[in-house]
Amino acid sequence: MDSGWLTTGKITHEFEAEFAAYVGTKYALAVNSNTSGMILAMEACGVSAGKAVITTPYTFVSTAASAIHLGADVYFADTEADSYSISVAGIEEILKKDAENGHKVVAIVPVHVAGNLCDMKKINALAQKYSTEKNRIHVIEDAAHSFPSRTADGFAGSLGDIGVFSFYATKTMTTGEGGMVTTNDDALAKRMTQMRLHGMNRDAWDRYTSTKASWEYDIVAPGFKSNLPDVLSAIGREQLKKALDFCKSRTAIVKKYNEAMKSWDFVTIPPDGEGNAWHLYLLQIVPEKLDCTRNEFAKELQEAGLGISMHFIAIFNFSWWKEKYPEYTPERFPNAQRHYQNTITIPLWPYMSDEMSDYVIATIKKVGERHHV
C-alpha cells in the first residue's frame, strides 16, 4: 500500500519469479483466478471453435466451462474406479475415436482432485502418441487443488505443457482471489502474457516505468482482463513462504483422520498418492453398511456443527450441461457418479486444534454407528 502502486507491477513480477522458482518452471504468470488462467492456457493451446478438450466430469464446472467460453467442445472421460483422478484408459478411448473423426482434440486437462496427482506420465505419453504434425495435443494441468503437490518428477503444474493454480480463499495458499499459470514453453508463455491484458504487447508497469513513451503499445489480439494486482500478490508472496508449513500441518491432520477411520467399515478413507497436498479430505460412505443416504449422513454431520461440503457434483448432472450434451448421462460415467453420490468433504485446514479434529472424528463415528447395518 505504501508503494503507491496497487495494480500489476513490481510486486506481482517478484511473486511470479518466486513461484516459478518454487515449482521449477521457466515462467509463472499471475492471474485473477484459476478460471482466467485456464481460459488463457486453453486459448494459447489452440482451443477454439471446431476443436475439443478432454477432461473429467468430476471437477468444478469452471474447468470444462473454460473450453465452452472459447467455443470448443468438451469430451468427458470417467474417473478411475478407485480414485478421483481421470481415467487414463478413458482418455485413450476418446483419442482413438477422435483420430478416426478428424482430430478435434487439442488439449487434455487432467484435474489433480483434492491435491492427489493424476498419472501424468501416462497422460503425457498419450498426448504425444496421438499428436500429429498438424494437430499437437497439449496437456494442461488443472492444479487448483495441488500446490505444493510433488512427485519425483517435479511439482504439480510443471509436469504438463501448462499448469494452472488457484489461490482462492479456501485453497492451500491464498491471495483471496487469484491464481498462477506455469509453463516452460516460450511461445505459450508469450501468448498468455499478451492475452492476459487485452492483447497488449506492454503491461502497465512497463508502460509507466520504462523510458519508452507510456502511450505507445500495440494490440496483437483481442485479449482478456486476467491480471493479478500487486496488493494481492503481496499476500501471495507471504503465503508462499508458509506453504510448506501449511502442507505439513494438513498432512498431520490427515494422518490422524486416517488412523482413526481406517478400520471403520461404513466409510472409505481417500486415496493417497505420491506428494499429495491434501487440499481436501474426501471421505466416502459405504452405502451397503448404512441405512441412510449420503445426504442424510451429511445433514446429521451439519446438525452436529461440522462444516462439511460435497466435492464434486459431477458436471453432467447440471441442467445446462444436460441440454448441451444429452448423451452425457450418469450411466456413461459410473465411477464419477458413484463418487459424487457417496463422498463427503470433511473439515481440514492448517493448524486445526486437537479438540476440533477429535470432534470431527467422534461425530462421524457417532453418526456412522447410529446408521450401521
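## Sheet and helix packing

In this predicted model, strands β8 (residues 162–166) and β9 (residues 179–183) run antiparallel and are joined by five bridges. One of the pairs links Ile 162 to Thr 183 in β9.

Both strands belong to an open sheet of seven strands with mixed pairing, in the order β1-β9-β8-β5-β4-β2-β3. β1 (27–31) and β3 (73–76) stand at the edges; each has a single partner strand, so one side of each lacks a neighbour in the sheet. From one strand to the next, the twist averages 20 degrees.

| Helix | Strands touched | Angle |
|---|---|---|
| α6 (residues 186–195) | β1, β5, β8, β9 | about 20 degrees with β1 |

A further packing involves two helices, α8 (residues 230–261) and α12 (residues 354–371), whose axes lie 11 Å apart at an angle of about 30 degrees. Since angles under 35 degrees count as roughly parallel, α8 is therefore roughly parallel to α12. Their crossing is right-handed.

On the α8 side, the contact is made by Lys 256, Tyr 257, Ala 260 and Met 261. These meet Asp 354, Ser 357, Asp 358, Val 360, Ile 361 and Ile 364 in α12. By class, six residues of the contact between α8 and α12 are nonpolar, one is polar and three are charged.

Technical notes: Residues are numbered from 1 along each chain as its sequence is written. This is a predicted model: local features need pLDDT of at least 70, side-chain atom pairs count only at pLDDT 80 or more; totals for chains, interfaces and linings use all residues. Side-chain values use heavy atoms; hydrogens and water are left out. Two strands pair if DSSP finds at least two bridges between them. Helices (H or I, at least four residues) and strands (E, at least two) are DSSP runs, numbered from the N terminus. Axes are lines fitted to C-alpha atoms, for helices over the stretch in contact, and angles run from 0 to 180 degrees between N-to-C directions. Contact means heavy atoms within 4.5 Å. Angles under 35 degrees count as roughly parallel, over 145 as roughly antiparallel, 65 to 115 as roughly perpendicular and the rest as oblique. A crossing is left-handed if the near helix is turned anticlockwise from the far one by less than a right angle, and right-handed if clockwise. Ala, Val, Leu, Ile, Met, Phe, Trp, Tyr, Cys and Pro count as nonpolar, Asp, Glu, Lys and Arg as charged, and the others, Gly among them, as polar.
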